Amino acid sequence: MTTTNADSGRPRTRSSGEGGSRRRGKGSPALASERREHLVKLAAELFAEKGFQATTVRNIAEEAGILSGSLYHHFDSKESIVDEILTGFFEDIMSAYRRVIDEGGDDPRATIAGLVRTAFGTLEPHRAAITVMQNDWNYLKGMERFAYLTKSEDEVEKMWVDTLKAGQEQGVFRLDLDPKLTYRMIRDTVWVAIRWFKPGGRLNAEGLAEHYLKVMFDGINLH
């Protein structure tokens with residue numbers, strides 16, 4: 001499992017001796033890993049459908065067709081499962097954001113566009129993690145083991161806000177817009193799309209991002 005470095009807020013590997021450690025599955029390491037991955041996927045779907053708090057270990061075990069006790073061969077609690085789901089999401093999106101910023105160089109508009117595309121690109125592969133954050137953020141961030149949620153979100157916010165400020169300094173973005181408020185409006189607009197976006201619909205995540213960028217950069221008025 002992963003947790004975060006207390007100083008940087010970034011995910012790090014948790015040793016087997018720390019609290020909340022996982023128990024080893026029976027059988028070969030490859031088979032145990034495959035079983036764990038299957039259980040995580042099943043649990044993720046249940047968390048997205050029922051909510052993390054409403055989902056029990058028994059629910060997950062029943063969905064997997066195993067006894068509750070068998071689940072404990074792989075995870076010590078449902079918190080360990082959602083921890084894996086959320087750390088996987090933050091590791092992916094933060095590394096992707098950093099690449100966008102590095103590649104954007106001195107072009108704030110291109111960087112913001114890249115960040116938007118990256119965010120929308122997570123809607124399908126990380127649907128469960130985003131849904132959990134939408135529904136259970138306040139509950140989870142109150143638990144010590146999930147302190148990295150706030151630290152990771154702070155780091156993400158800084159990436160966006162710094163880019164927006166750079167755009168204002170270069171005369172690309174309007175000076176009368178508050179960068180932090182602007183970021184939070186963009187963030188919430190993207191994440192709330194998880195409630196209505198349907199993979200396989202008229203627009204895929206890429207098309208949705210492009211439409212959003214048209215509205216964000218060009219507005220809806222004729223110029």
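This is a predicted model: local features need pLDDT of at least 70, side-chain atom pairs count only at pLDDT 80 or more; totals for chains, interfaces and linings use all residues.
Because Glu45 lies in helix 1 and Arg127 in helix 6, the pair ties together parts that are 82 residues apart in sequence. Arg127 likewise counts as partly exposed, at 30% relative accessibility. A search of the whole structure finds 12 salt bridges, among them two further examples that are described here.

Arg145 and Asp83 meet through their side chains in a salt bridge with an N to O distance of 3.3 Å. Arg145 lies in the loop between helix 6 and helix 7, whereas Asp83 lies in helix 4, so this pair ties together parts that are 62 residues apart in sequence. Asp83 is buried, with a relative accessible area of 0%. Glu210 and Arg117 form another salt bridge, at 2.5 Å from N to O, and this pair links helix 9, which holds Glu210, with helix 5, which holds Arg117, across 93 residues. Glu210 is partly exposed at 30% relative accessible area, and Arg117 is partly exposed at 39%.

## Aromatic pairs and charges over rings

The count of aromatic pairs comes to eight. One of them, formed by Phe52 and Tyr139, is tilted, with 6.3 Å from centre to centre and 45° between the planes. Phe52 lies in the loop between helix 1 and helix 2 and Tyr139 lies in helix 6, so the pair ties together parts that are 87 residues apart in sequence. Phe52 is buried, with a relative accessible area of 0%, whereas Tyr139 counts as partly exposed at 37% relative accessibility. Phe89 and Trp191 form another pair, which is edge-to-face because the ring centres are 5.9 Å apart and the planes stand at 70°. This pair links Phe89 in helix 4 with Trp191 in helix 8, 102 residues apart, and both Phe89 and Trp191 are buried.

Phe52 and Tyr139 also belong to one aromatic cluster together with Phe47. Lys78 lies over the face of Phe52, at 4.6 Å from the ring centre, and Arg109 lies over the face of Phe217, at 4.0 Å from the ring centre.

## The nonpolar core

The largest nonpolar core has 57 residues, of which Phe47, Leu86, Phe120, Leu123 and Trp160 touch the most other members. Several helices each supply at least two residues of this core, including helix 1 (29-50), helix 5 (108-121), helix 7 (147-169) and helix 9 (205-218), and the largest share, 10 residues, comes from helix 4. When residues up to four places away in sequence are not counted, Leu123 touches Ile130, Val190, Trp191, Ala193, Ile194, Phe197 and Leu208.

Helix 4 comprises residues 78-104, 27 residues in total, and reaches 39 Å from its first C-alpha to its last, close to the 39 Å expected at 1.5 Å a residue. Helix 4 is followed by Gly105, whose phi is positive, near 60°.

Thr118, placed in helix 5, has a relative accessible area of 16% and is therefore buried. Leaving aside neighbours within four places in sequence, Thr118 is in contact with Ile93, Ala96, Tyr97 and Val100.

Key: Residues are numbered from 1 along each chain as its sequence is written. Side-chain values use heavy atoms; hydrogens and water are left out. Helices (H or I, at least four residues) and strands (E, at least two) are DSSP runs, numbered from the N terminus. The expected span of a helix is 1.5 Å times one less than its number of residues. A nonpolar core is a set of buried Ala, Val, Leu, Ile, Met, Phe, Trp, Tyr and Cys residues joined through side-chain atoms within 4.5 Å. Buried means under 20% relative accessible area, exposed over 50%, partly exposed in between (1.4 Å probe, protein chains only). Contact means heavy atoms within 4.5 Å. Rings of Phe, Tyr and Trp (its six-membered ring) pair if their centres lie within 6.5 Å; planes under 30 degrees apart count as stacked, over 60 as edge-to-face and the rest as tilted. A charge sits over a ring if NZ of Lys or CZ of Arg is within 6 Å of the ring centre and within 35 degrees of the ring normal. A salt bridge is a side-chain nitrogen of Lys or Arg within 4 Å of a carboxyl oxygen of Asp or Glu.
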